[in-house]
Amino acid sequence: MKWVFVAPAIRAQTLVSRAGDAVFGFATIRLELEALGIDPQAIVSLPLPQGAVDYYGNVLVVSTRLIRDNPEAVRGLVHAFNRAFRET
């Protein structure tokens, strides 16, 4: 398998056009594939924990140094992330 990184907006199309053999994404990738005409019965999903991938999910990662030296920046990052998450 060759890893190819593409923008999320073209991930499903990459599979449909056979430019890739598999795609990784959130559960919404199924909806994208169905919208492009893929038979739902043909879609095989492998939840990441079952695939032996240590996956964190939606997280923010900052260094302990940033937390210690600039906690206001961390608070601002968390605030901005939560706002964007709610609005999208």
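Which residues are linked with R65 in a network of salt bridges? In this predicted model, R65 is linked with R68 and D69 in such a network, and the legends below take this and other local views in turn.

**View 1. The salt-bridge network of R65, R68 and D69.** Salt bridges link R65, R68 and D69 into a network, and a search of the whole structure finds five salt bridges.

**View 2. The salt bridge between R75 and E72 in helix α4.** The side chains of R75 and E72 form a salt bridge whose closest N and O atoms are 2.4 Å apart. R75 and E72 lie three residues apart in helix α4, so that about one helical turn separates them. Both R75 and E72 are exposed.

**View 3. The salt bridge between E87 and R83 in helix α4.** Here the side chains of E87 and R83 meet at 3.0 Å, taken from N to O. Helix α4 contains both E87 and R83, which are four residues apart, or about one turn of the helix. The two partners fall into separate accessibility classes, since E87, at 57% relative accessibility, counts as exposed, whereas R83, with a relative accessible area of 46%, is partly exposed.

**View 4. The stacked aromatic pair F81 and F85.** A search of the whole structure finds one aromatic pair. In this pair the ring centres of F81 and F85 are 6.0 Å apart and the ring planes lie at 20°, so the pair is classed as stacked; the reason is that planes under 30 degrees apart count as stacked. F81 and F85 are four residues apart in helix α4, which runs over residues 71–87, and they are therefore separated by about one helical turn. With 30% relative accessibility, F81 counts as partly exposed, whereas F85, at 52%, counts as exposed, because the exposed class begins over 50%.

**View 5. The nonpolar surface patch of W3, F5 and F24.** W3, F5 and F24 make a nonpolar surface patch of about 450 Å². F24 is found in the loop between α1, residues 11–16, and α2, residues 29–35. The relative accessibility of F24 is 44%, so F24 counts as partly exposed.

**View 6. The protein chain as the setting for the close-ups.** The protein chain has four helices and zero strands, and from the N terminus on its elements run α-α-α-α. Of the 88 residues in the protein chain, 8% are buried. The chain exposes about 7700 Å², and carbon and sulfur atoms supply 59% of this area. Among contacts in the protein chain with a separation of 6 or more, 15% are between residues 24 or more positions apart.

Methods. Residues are numbered from 1 along each chain as its sequence is written. This is a predicted model: local features need pLDDT of at least 70, side-chain atom pairs count only at pLDDT 80 or more; totals for chains, interfaces and linings use all residues. Side-chain values use heavy atoms; hydrogens and water are left out. Patches are made of residues with over 30% relative accessible area and no salt bridge: like charges are joined within 9 Å, nonpolar side chains (Val, Leu, Ile, Met, Phe, Trp, Tyr) within 5 Å. Accessible areas come from the Shrake-Rupley method with a 1.4 Å probe; for residues, only the protein chains shown count as cover. A salt bridge is a side-chain nitrogen of Lys or Arg within 4 Å of a carboxyl oxygen of Asp or Glu. Helices (H or I, at least four residues) and strands (E, at least two) are DSSP runs, numbered from the N terminus. Buried means under 20% relative accessible area, exposed over 50%, partly exposed in between (1.4 Å probe, protein chains only). Contact means heavy atoms within 4.5 Å. Rings of Phe, Tyr and Trp (its six-membered ring) pair if their centres lie within 6.5 Å; planes under 30 degrees apart count as stacked, over 60 as edge-to-face and the rest as tilted.
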